[in-house]
Amino acid sequence: MSTRQVGEKVQRREDPRLLTGNGRYVDDLGRGALQAAFVRSPHAHARITDIDIADAWELDGVEAVYTWEDLEGRVGEPLPVLIPHPAMTHPRTGYCLAKDEVNHVGEAVVMVVARDRYVAEDACGRIRVSYETLPPVVGLENARAAARLVHDDVPGNVSANLRQEVGDVDTAMAAAPNRLTLELEIERSACMPMEGKGVYARWDADDESLRLHSSTQTSTGVRAAVAAKLGMPLAKVEVVTPDVGGGFGVKIVHPWPEEVLVPWAARRLGRDVKWTEDRREHFVSSAHERGQLQEVEVGFDDDGRLLALDVRFWHDNGAYTPYGIIVPIITATQLLGPYKPGAYRVEFWSMYTNTVLVTPYRGAGRPQGCYAMERTMDAIAAHLGLDRTEVRSRNFIQPDEMPYDHGLMFQDGRPLKYDSGDFPASLAKLKELVGWDDFAAYREQAAAEGRRVGLGIGCYVEGTGVGPYEGGHVQVETNGRVNVATGLTTQGQGHQTVLAQIVADELGVRLEDVHVTTGDTRRMAYAVGTFASRGAVMSGNAVALAARVVREKALRIAADALEVSADDLEIADGVISVKGAPGSSIDLKTVAVLSNPLRYAFDTSAQAATQFAGTFDPDKPPVADDDEPGLEGQDFYSPTQATFANGMHAAVVETDPVTAEIRILRYCVVHDCGVMVNPMIVEGQVHGGVAQGVGGALYERMVYDEGGQLLNASFMDFLIPYASEVPHVETDHLETPSPLNPLGLKGAGEAGTIPVSAVIASAIEDAEGFPIRSMPISPPELWALRRTHSPDPAQEGTS
């Protein structure tokens with residue numbers, strides 16, 4: 001029998017190629033291509049009064065210089081709003097090249113195409129753009145005040161306002177015996193993939209077709225967007241996503257201006273054109289996330305049970321809204337975590353500022369929501385003098401209440417209905433893992449040594465596997481090779497391994513015979529993309545369904561060949577045999593030969609499929625009316641709603657009594673993503689997510705001055721944690737399969753990141769004894785808080 005692959009810690013098949021320097025990224029392609037560079041705005045808000053490009057043309061090697069006035073047709077129109085929403089009363093997007101006005105530092109104004117990047121950059125340096133500066137709007141406080149406007153036709157700087165309510169919040173709040181109000185803040189940060197964005201375009205003038213390579217999270221999305229912008233038939237555009245050096249959400253946005261301009265220039269010039277984003281460009285012209293101001297009012301009984309929850313928050317969406325309001329919608333709905341909130345009302349305002357646009361970054365609104373909810377749970381526990389885990393436990397949705405409908409609309413436009421989970425069991429695992437009940441003794445010992453330690457906790461629920469669909473195609477070749485294709489793209493998640501494990505099990509073949517292709521519109525024209533922890537859920541189930549189509553056909557053909565019922569057959573290690581009679585068998589690769597009646601034999605194995613081989617019934621057509629040649633199948637998985645993974649984290653931190661340095665001593669995670677296809681890859685996803693979460697909690701923030709200049713737009717100033725700052729992550733898992741899909745899967749990609757800021761804030765608060773209301777937090781900020789809560793300098797370092 002074949003060894004079952006799903007559930008096994010199979011080594012990632014991608015790693016040998018990537019770790020030995022044989023990865024193939026966009027910048028490795030198009031060695032002889034022309035290269036593009038951009039003149040970008042140095043101002044946060046300004047009118048463009050003149051552009052002088054004359055000096056740029058004096059450089060040898062300059063092939064083209066473009067401003068907005070050169071952009072024809074739809075290329076010169078605003079970029080699309082990808083996800084429109086009725087609550088978006090004033091959506092605004094930019095142009096591929098700025099028209100009349102710039103609204104953030106880094107906005108593209110002029111494109112130069114030259115022999116190489118050096119010439120292109122030199123030419124950019126010769127271009128003179130004249131501006132009339134305008135007062136910028138920087139920060140949510142200024143956006144709310146609306147003394148200045150980012151867009152003249154957007155009142156109050158509000159792009160969207162959305163309110164959802166379940167129950168009578170006002171009545172429940174007024175009747176609650178206990179009430180608290182919290183004002184919270186999460187500052188702006190950003191993902192920093194090792195590889196920035198990149199685009200390489202080849203135009204074929206003979207058949208008027210375009211092939212585009214892009215470092216994207218959605219090849220099919222880029223294909224459709226570029227075809228629409230360039231006015232081309234979809235069939236004439238191919239998009240291939242090669243190896244991608246990290247995405248984390250920023251590359252799900254499409255089309256970026258460069259994804260339109262590079263192929264447009266390639267077609268116009270009749271030459272290959274390439275652009276690779278440099279690091280400063282990524283800081284000032286890609287996307288950021290996280291920034292929110294939050295107000296929470298909560299009513300609860302004397303046991304800590306929630307009776308009413310009223311949340312208002314303001315979300316900084318930057319200068320434009322190409323990805324709609326998905327991030328604040330997720331915050332508003334995923335804030336509830338594993339709890340029953342009683343009556344719940346949430347209202348948000350998505351605000352324009354003269355800063356880089358905001359789109360999803362790993363977690364995508366969930367870290368902010370988790371932070372609000374978990375800070376609230378800790379505040380309730382402190383108010384009542386209860387153990388923090390007890391307050392959480394009393395508010396948990398119970399396993400027998402699943403599926404649990406919150407009565408809200410989720411980011412996919414469908415109900416926020418939890419499909420599975422056992423939150424009490426997860427909490428029990430976490431308490432045991434971190435030693436919750438024994439921490440008081442550890443704290444006492446640390447205090448005797450002059451050390452200050454704290455224990456923090458955070459719980460979350462994550463909507464994963466959102467639709468609308470993904471597809472899978474499985475083909476068995478006559479040599480036994482199994483080709484698998486799916487449309488989503490890969491940025492390091494291990495798709496080549498995980499999807500191969502699923503197909504190997506479904507088809508009964510060896511893992512080494514399965515070969516997976518992702519992100520190539522030539523192989524899978526219909527797909528959505530890689531985001532929202534949906535890869536395994538969506539494409540995993542799609543390739544499983546496609547493999548089942550192939551399996552059914554293989555058994556049917558083998559049954560005819562062996563003159564038995566298909567019900568009496570089984571497949572193992574690529575061999576179809578009669579159950580209980582393994583000597584009566586046929587190789588799957590032979591079935592692949594028989595599945596495709598041939599006129600010509602190209603090798604020995606193909607001879608069995610030709611017209612004189614005697615293997616076919618002369619009274620039947622070679623290919624039945626309801627059949628197709630070849631041993632291959634395609635299917636799509638389209639869910640009715642998202643699946644909901646969950647988890648709980650705990651951390652032990654030490655805060656230096658003198659310097660206020662913050663050190664994470666232990667970090668523990670209990671995670672439930674349903675059936676784990678590859679537990680080792682799940683662990684890797686959790687570890688990587690925690691690393692990014694630690695960065696967001698203690699180090700990473702985008703610092704703008706009042707003029708809208710990003711002050712830390714380099715790795716010299718933007719702090720990313722080294723391996724020395726990322727703690728060893730201790731993990732345990734709970735598997736509550738999702739009833740919504742054939743494989744019982746839930747997503748895992750963002751789990752490690754979501755609760756980290758909440759957990760670290762909880763732990764620091766526990767160590768220091770005063771509330772933490774703003775994240776990230778640095779040692780100087782913690783030191784300042786100590787002064788606020790203990791103004792006597794003599795007590796510093798001793799309390």
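Select helix H14, residues 535–562, in this predicted model. Helix H14 supplies 5 residues to the lining of the second largest pocket, the largest share of that lining. Now display the whole lining, which comprises 24 residues. To find the middle of the pocket, pick Asp560, Phe616, Asp617, Pro621 and Pro622, the lining residues that lie nearest its centre. The volume of this second largest pocket is about 760 Å³. Colouring the lining by residue class gives 12 nonpolar, 5 polar and 7 charged residues.

Next, select leucine 433. This residue belongs to helix H11, which spans residues 423–434.

Select strands E4, E2 and E6, which form an open sheet of 3 strands in the order E4-E2-E6, with antiparallel pairing. The edge strands are E4 (101–102) and E6 (128–133), each of which pairs on one side only. In general, the strands of a sheet pair through backbone hydrogen bonds, in either a parallel or an antiparallel sense. Zoom in on strand E2, residues 46–52, and its partner E4: the two pair in the antiparallel sense over 2 bridges. Which residue of E4 stands opposite alanine 46? Valine 102 holds that position.

Finally, zoom out to the whole chain. A cartoon view contains 18 helices and 29 strands. The radius of gyration is 29 Å, close to the 28 Å that the globule rule gives for 799 residues, so the chain is as compact as a globular protein of that length. Along the principal axes, the C-alpha atoms fill a box of roughly 100 × 75 × 50 Å. Colour the chain by accessibility: buried residues account for 59% of the 799 residues. Of the contacts between residues at least 6 apart in sequence, 80% join residues at least 24 apart.

Methods. Residues are numbered from 1 along each chain as its sequence is written. This is a predicted model: local features need pLDDT of at least 70, side-chain atom pairs count only at pLDDT 80 or more; totals for chains, interfaces and linings use all residues. Side-chain values use heavy atoms; hydrogens and water are left out. On a 1 Å grid over the protein atoms alone, a cavity is a set of points where a 1.4 Å probe fits but cannot get out, and a pocket is an open set with protein on both sides within 12 Å along at least five of seven lines; lining residues have an atom within 4 Å of a point. Grid points are joined across faces, edges and corners, and a volume is the space filled by probe spheres set on the points. Helices (H or I, at least four residues) and strands (E, at least two) are DSSP runs, numbered from the N terminus. Ala, Val, Leu, Ile, Met, Phe, Trp, Tyr, Cys and Pro count as nonpolar, Asp, Glu, Lys and Arg as charged, and the others, Gly among them, as polar. Two strands pair if DSSP finds at least two bridges between them. The radius of gyration is taken over C-alpha atoms; the globule rule is 2.2 Å times the number of residues to the power 0.38. Buried means under 20% relative accessible area, exposed over 50%, partly exposed in between (1.4 Å probe, protein chains only). Contact means heavy atoms within 4.5 Å.
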